[in-house]
Amino acid sequence: MSQAFFETRSPVPAIRLSNATKRFAGLGKREVFTALDGLNVNVAPGSCVALIGSNGAGKSTLLSILMGTQLLDEGSLHIDGKDVSEEPSWKRASRIALVRQNPEHNVLSSLSIEENFALAIMGRERAFGLRRYNRAAVREAAAQALCKFGMGLEDRLTESTGTLSGGQRQAVAMAMAAVRNPRVLLLDEHVSALDPKRAKLVAEVTEDIIRAQAITTIMVTHDLGHALAHSDRVLMMHRGKVVMDLSGKQKSELDLAGLAAKFEVLVGEALPDRTLLAAAS
Ligand SMILES: Nc1ncnc2c1ncn2[C@@H]1O[C@H](COP(=O)(O)OP(=O)(O)O)[C@@H](O)[C@H]1O
Ligand SMILES: [Mg+2]
C-alpha cells in the first residue's frame, strides 16, 4: 500500500492550532503585544506534551486559548477535529480540565472533598441543574481516584478541603480531573508549588492517570528534567512562537544538560542554577 494511504489514515489530532495568533494591548496607546504569533501545532491523541519557555513566552495564553477563556484573534483551534475557535469556555468545560499551580485555585476550600468531586462529576455529565447527587457513586469514584496517591485522602471524604495541605489539594485536583476523564488535560506547573517529595509523588501519579486513561495532556513546567522524564514531546516557546519541537528519537537522545543548552541558545537566557538543581534531584 502506498505511503499516502497511511498518511490519510493517521488519527485526527486531538488539538490542532493553525496560524494561532493572540494579541494584547500594550502599555502605550497604540502598542500591541503579540502573545501567540502564528502557531501551527498538532497534538496526537493520548500524547503528553511538555511546554517549556521563559516567562512571557505565551504558555499560559496558549492554555487560555485551549480552555476558551481567551479567543484567538487570527487562525483556528480544532479539538478532536471540531472547530472550536469561537466556542466559549463553558461549552467545552466537560471536555477540558485544567489543574493550576496554586492549590487554592483548584478546589473550593469551603466544601468537603466529596462535594468538590460531586461538582467535578456534575460538570462531566453536564448536569448543572442536578440538585442532588448520587452520594454513593460519587464516594466510590472519589475514593478510587484518591487511593492512587497513597495519602489516605479516601478516608477523609467529608472533611473540608480547606484543612488540606498544598500537596493534598493538588492530589484532590488531579483525582477530580481523573474522574471527569476529559479529552484534554492542561497542567499549568501543577507541582511547582509543592515540596520536592510531594511534587515527585503527584507528578508520578499524574503520569499513571494520563497514561491509563490515554488523556491528551499539555503540561507547562519550568523543570526541564520533569519535562524530559514525563512527556512524549517537548515544545519550547519563545516570544509567542514554537522554537523547538522534540519527540521520539530526538527527544530520547537529549539529556538534561543538552536541553538546558538548547534553552539557553534558543531563548537567549541563562537558566538559574536552581532550575537545574531541582531538575537533577
Ligand atoms: N490579559 C492580558 N493582557 C495583556 N497582556 C497579556 C495578557 N495575558 C498575557 N499577556 C502578555 O502576553 C505575554 C505572554 O504571557 P503568558 O502567556 O502569561 O506567558 P508565560 O505563561 O509563558 O509566562 C506576556 O508578555 C504577558 O504580559
Ligand atoms: Mg504562565
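Me: Which element gives the largest share of the shell around ligand 1?
Reply: A residue is near a molecule if its C-beta atom, placed from the backbone, lies within 6 Å of it. Helices (H or I, at least four residues) and strands (E, at least two) are DSSP runs, numbered from the N terminus. In this predicted model, α2 supplies the largest share of the shell, three residues.

Me: Which residues surround ligand 1, and which elements give two or more of them?
Reply: The surrounding residues are F24, F33, A35, G53, N55, G56, A57, G58, K59, S60 and T61. The elements that contribute two or more are β2 (32-43) and α2 (59-67).

Me: How do the shell residues divide by class?
Reply: Ala, Val, Leu, Ile, Met, Phe, Trp, Tyr, Cys and Pro count as nonpolar, Asp, Glu, Lys and Arg as charged, and the others, Gly among them, as polar. The shell around ligand 1 has four nonpolar, six polar and one charged residues.

Me: What is the numbering, and what limits apply to the model?
Reply: Residues are numbered from 1 along each chain as its sequence is written, and chains are lettered from A and ligands numbered from 1 in the order in which they are written. The model is predicted: local features need pLDDT of at least 70, side-chain atom pairs count only at pLDDT 80 or more, and totals for chains, interfaces and linings use all residues.

Me: How do α6 and α7 pack?
Reply: Two packed helices are described by the angle between their axes and the distance between the axes. Axes are lines fitted to C-alpha atoms, for helices over the stretch in contact, and angles run from 0 to 180 degrees between N-to-C directions. Helix α6 (residues 166-180) meets helix α7 (residues 196-212) at about 5°, with the axes 10 Å apart. The two are therefore roughly parallel (under 35 degrees). Two residues are in contact if their C-beta atoms, placed from the backbone, lie within 7 Å. From α6 the contact takes G167, Q170, A171, M174 and A178, and from α7 R198, V202, V205, T206 and I209.

Me: In what order do the four strands of the open sheet run?
Reply: Two strands pair if DSSP finds at least two bridges between them. The order is β2-β1-β4-β5, with antiparallel pairing. At the edges are β2 and β5 (82-83), each pairing on one side only.

Me: Which residues are bridge partners between β4 and β5?
Reply: Strand β4 (residues 74-79) pairs with β5 over two bridges: I79 with K82, and H78 with D83. In their hairpin, with two residues between the strands, D80 takes a positive phi near 50°.

Definitions and conventions:
Parallel < 35°, antiparallel > 145°, perpendicular 65-115°, else oblique.
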